[in-house]
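Me: I'm new to this one. Can we go through it together, piece by piece?

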Amino acid sequence: MAGRIHIIGAGLAGLSAAVRLSSQGRVVNVYESASYAGGRCRSFHDANLDRVIDNGNHLLLSGNRAALAFLREIGAADSVTGPSPAVFPFLDLDGGLRWQVKPDRGAIPWSILSAWRRVPGSRLRDYLWGLQLARARATDSVTDCLGADNLLFRRFWKPLAVSVLNTAAEEGAARLLWPVIRETFGRGEAACRPLIARHGLSDSFVTPATAFLKRHGAPVAFNRRLRRLGFDGERLTTLDFGDSQLEVQDGDSVILAVPPLIAAELVPGLETPTDSRAIVNGHFCLAEEAQEISFCGLIGGTAQWLFIRGDIVSVTVSAADDLAAQPTELIAERLWSEVATALDLGDAELGPYRIVKEKRATFAQTPEQVRRRPGARTRWCNLHLAGDWTDTGLPATIEGAIRSGHNVAQSVIYL
Ligand SMILES: Cc1cc2nc3c(=O)[nH]c(=O)nc-3n(C[C@H](O)[C@H](O)[C@H](O)COP(=O)(O)OP(=O)(O)OC[C@H]3O[C@@H](n4cnc5c(N)ncnc54)[C@H](O)[C@@H]3O)c2cc1C
């Protein structure tokens with residue numbers, strides 16, 4: 001009989017591995033140190049706003065095939081929504097210019113041949129220059145590859161790179177951006193439709209996943225922090241949770257799906273990314289409820305993306321370590337003034353708000369840190385790694401986390 005699979009961590013990597021394995025009839029146990037699942041991708045009730053909000057706005061693209069397969073598996077495919085055909089509205093806060101990026105239907109972006117369909121101020125050769133990404137060297141930053149002295153960079157590549165890599169374009173690894181372009185924009189409009197959780201991240205990704213696991217006899221055990229691993233030769237033999245110890249039987253496997261610094265503490269000699277970048281989100285209450293969920297890219301200010309859902313407007317700032325060090329009130333005022341400009345609210349006063357600082361939102365996706373990503377295998381035959389920081393070839397995103405969960409599940413099935 002196939003052995004039991006112990007999964008440590010109920011973020012998206014752990015949950016997606018657990019869902020895949022339990023749907024294949026494997027016996028799965030999931031242990032999570034927090035009292036909730038979802039890790040860095042979750043919703044919570046905020047008392048200031050008296051609303052359920054997300055820890056941060058998360059944007060998916062319709063070409064994120066592992067993420068969409070996960071949503072289908074847990075029965076939540078309809079819980080994400082977005083404009084179809086794909087459209088990305090932008091506003092330059094410095095001057096007020098608005099434009100839209102509308103990807104072409106096919107893989108070849110014919111529309112860039114007409115100046116009026118290009119990003120304002122950009123030239124055809126700026127687009128062609130983007131193909132450099134396909135040839136990026138492991139040491140190249142996004143700006144090494146694309147240059148920074150044209151309007152296409154300022155109005156498209158830079159906001160895209162900072163949000164995908166959560167790292168400034170000057171230091172972000174160009175190599176990680178290319179697979180995203182290839183799997184989304186590079187496949188035409190149908191693969192790059194923006195998708196947003198209709199009612200929140202937990203409602204889409206987390207609650208249906210934990211319900212699925214419960215139905216399949218693999219409920220998540222909460223408040224179970226793994227403190228130590230015990231090894232004997234080539235095998236992992238014990239999981240030490242402090243108040244209890246669990247023997248890992250012959251034929252059992254363990255998937256460690258915790259953040260990189262915790263994995264490095266638990267696994268002797270494991271090299272992981274050590275540096276991280278913050279993401280700051282500001283959530284504000286609007287006087288009126290919007291009829292539709294919408295979003296907009298912001299250039300030339302502090303906020304980079306703006307999302308409206310119901311009567312909550314949320315703005316995101318990636319690679320935000322400097323901002324995260326500022327006092328919360330100051331951040332709220334700064335972001336609110338940009339929201340007021342973007343939504344034409346005049347001098348509307350700042351009302352109830354919540355600023356969420358995720359100080360270790362993702363690892364710093366620089367060439368140097370990317371080199372430190374380990375694969376899923378370890379030198380112990382029954383211990384595997386998963387998480388957005390492992391070497392998936394993708395950036396640290398929902399898609400990367402879920403794909404790592406699926407990949408590790410696949411290798412455990414074929415052990
Ligand atoms: C603010 C913000 C905005 C983001 N925006 C986007 C976006 O727009 N698009 C996108 O695709 N991605 C986005 N991301 C990235 C995405 O959220 C992450 O890539 C993904 O959630 C990582 O999942 P994970 O399972 O690898 O890690 P985690 O979510 O960190 O999961 C690890 C789990 O392990 C648990 N754990 C830790 N230590 C232990 C222990 N000792 N024992 C047991 N359990 C333990 C943790 O509590 C956690 O639940 C964003 C992230 C943040 C923070």
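Me: Which residue does R155 form a salt bridge with?

Reply: R155 pairs with D92, and their closest N and O atoms are 3.7 Å apart. A salt bridge here is a side-chain nitrogen of Lys or Arg within 4 Å of a carboxyl oxygen of Asp or Glu. This is a predicted model, where local features need pLDDT of at least 70, side-chain atom pairs count only at pLDDT 80 or more, and totals for chains, interfaces and linings use all residues. Residues are numbered from 1 along each chain as its sequence is written, and side-chain values use heavy atoms, with hydrogens and water left out.

Me: Where in the chain do R155 and D92 sit?

Reply: R155 is in helix α5 (residues 151-165) and D92 is in strand β7 (residues 88-92). They are 63 residues apart, so the pair links distant parts of the chain. Helices (H or I, at least four residues) and strands (E, at least two) are DSSP runs, numbered from the N terminus.

Me: Is R155 buried or exposed?

Reply: R155 is buried, with a relative accessible area of 11%. D92 is buried too, at 2%. Buried means under 20% relative accessible area, exposed means over 50%, and partly exposed is in between (1.4 Å probe, protein chains only).

Me: Which residues are linked in a network with D92?

Reply: D92, R154 and R155 are linked in a network of salt bridges.

Me: How many salt bridges are in the whole structure?

Reply: A search of the whole structure finds 19. One of them joins E183 and R403, with the closest N and O atoms 2.6 Å apart. E183 is in helix α6 (residues 174-183) and R403 is in helix α12, 220 residues apart. Both E183 and R403 are buried.

Me: What about R277?

Reply: R277 forms a salt bridge with D275, at 3.4 Å between the closest N and O atoms. R277 counts as buried at 12% relative accessibility, while D275 is partly exposed at 33%.

Me: New topic. What domains is the protein chain divided into?

Reply: Domain 1 (5-42 + 200-274 + 367-413), domain 2 (51-82 + 195-199 + 275-363) and domain 3 (102-189). The bounds come from an automatic or database domain assignment.

Me: How many residues of domain 1 are in contact with domain 3?

Reply: Nine residues of domain 1 are in contact with 12 residues of domain 3. Contact means heavy atoms within 4.5 Å. The C-alpha centres of domain 1 and domain 3 lie 33 Å apart.

Me: Now the inside. How many residues has the largest nonpolar core?

Reply: It has 41 residues. Such a core is a set of buried Ala, Val, Leu, Ile, Met, Phe, Trp, Tyr and Cys residues joined through side-chain atoms within 4.5 Å. Those with the most contacts inside this core are I7, L15, F70, F205, L213 and I255. Elements giving two or more residues to this core include β1 (5-8), α1 (12-23) and α7 (201-215). The largest share, seven residues, comes from α1. This core draws at least three residues from each of domain 1 and domain 2.

Me: What does I255 touch?

Reply: Its contacts include I5, I7, L21, H384 and V412, not counting residues up to four places away in sequence. A second, separate core of 34 residues includes F153, W157, A169 and A173.

Me: And S16?

Reply: S16 lies in helix α1. S16 counts as buried, at 0% relative accessibility. S16 touches F70, A401, I402, G405 and H406, leaving out residues up to four places away in sequence.
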